[in-house]
Amino acid sequence: MTEGTDEHILVSSTGARYHRRTFLRRAGVGAIAFGGALFSLTNSAKAAGGCGCCNLVYCPPTTSYATCTSVNHYLWGCNGTRHCACCEVKNSSGTYIASAYKCF
């Protein structure tokens, strides 16, 4: 063997042999995947709990529930951990411009 041939080889607990760069590349990809999964779970949890179970266009709400229901464009209810009343308002061109909710 020539000098340096085996000095950069790592052996895993299963006996698999990896070159140092291959090992570091796989570890880096794993860390990036773990980080992506961690942040996506955090965002999903935040979105699910931020405005009851309503899944509003604007969360946090941009108007009060009383104001939203006085315009009465789109009303619905949902059941999560609590029952929630949900409301969204559209402008004349059909674009959502405000959201509100209240949970009981």
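Guide: Start with the link of cysteine 68 and cysteine 87, which is left-handed, with -95° about the S-S bond. Keep in mind that this is a predicted model.

Visitor: Which parts does that pair tie together?
Guide: Cysteine 68 lies in helix α2 (residues 65-71) and cysteine 87 in strand β5 (residues 83-90), so the pair ties together parts that are 19 residues apart in sequence. The sulfur atoms of cysteine 68 and cysteine 87 are 2.0 Å apart.

Visitor: Remind me, what is a disulfide?
Guide: A disulfide is a covalent bond between the sulfur atoms of two cysteines.

Visitor: And cysteine 68, buried or exposed?
Guide: Buried, with a relative accessible area of 1%. Cysteine 87 counts as buried too, at 0%.

Visitor: How many disulfides are there?
Guide: The count comes to five. Number the bonded cysteines in sequence order, and the pairing is 1-4, 2-6, 3-8, 5-9, 7-10.

Visitor: OK, what does cysteine 53 join to?
Guide: Cysteine 78, with 2.0 Å from S to S. This link is right-handed, with 95° about the S-S bond. Cysteine 53 lies in strand β3 (residues 51-53) and cysteine 78 in strand β4 (residues 74-79), so the pair ties together parts that are 25 residues apart in sequence.

Visitor: Why does cysteine 78 count as buried?
Guide: Because its relative accessibility is 14%, and buried means under 20%. Cysteine 53 has 26%, so it is partly exposed.

Visitor: What about cysteine 51? Which cysteine is its partner?
Guide: A disulfide joins cysteine 51 to cysteine 59, again with a distance of 2.0 Å between the sulfurs. The link is right-handed, with 110° about the S-S bond. Cysteine 51 is buried at 2% relative accessible area. Cysteine 59 is partly exposed at 38%.

Visitor: New topic. How many aromatic pairs does the structure hold?
Guide: One. The rings belong to tyrosine 74 and tryptophan 76, and their centres are 4.8 Å apart.

Visitor: Why is that pair called tilted?
Guide: Because the planes are at 35°. Planes under 30 degrees apart would count as stacked, and over 60 as edge-to-face.

Visitor: Great, thanks!

Terms used:
Residues are numbered from 1 along each chain as its sequence is written. This is a predicted model: local features need pLDDT of at least 70, side-chain atom pairs count only at pLDDT 80 or more; totals for chains, interfaces and linings use all residues. Side-chain values use heavy atoms; hydrogens and water are left out. Rings of Phe, Tyr and Trp (its six-membered ring) pair if their centres lie within 6.5 Å; planes under 30 degrees apart count as stacked, over 60 as edge-to-face and the rest as tilted. A disulfide is a pair of cysteine sulfur atoms within 2.5 Å. Buried means under 20% relative accessible area, exposed over 50%, partly exposed in between (1.4 Å probe, protein chains only). Helices (H or I, at least four residues) and strands (E, at least two) are DSSP runs, numbered from the N terminus.
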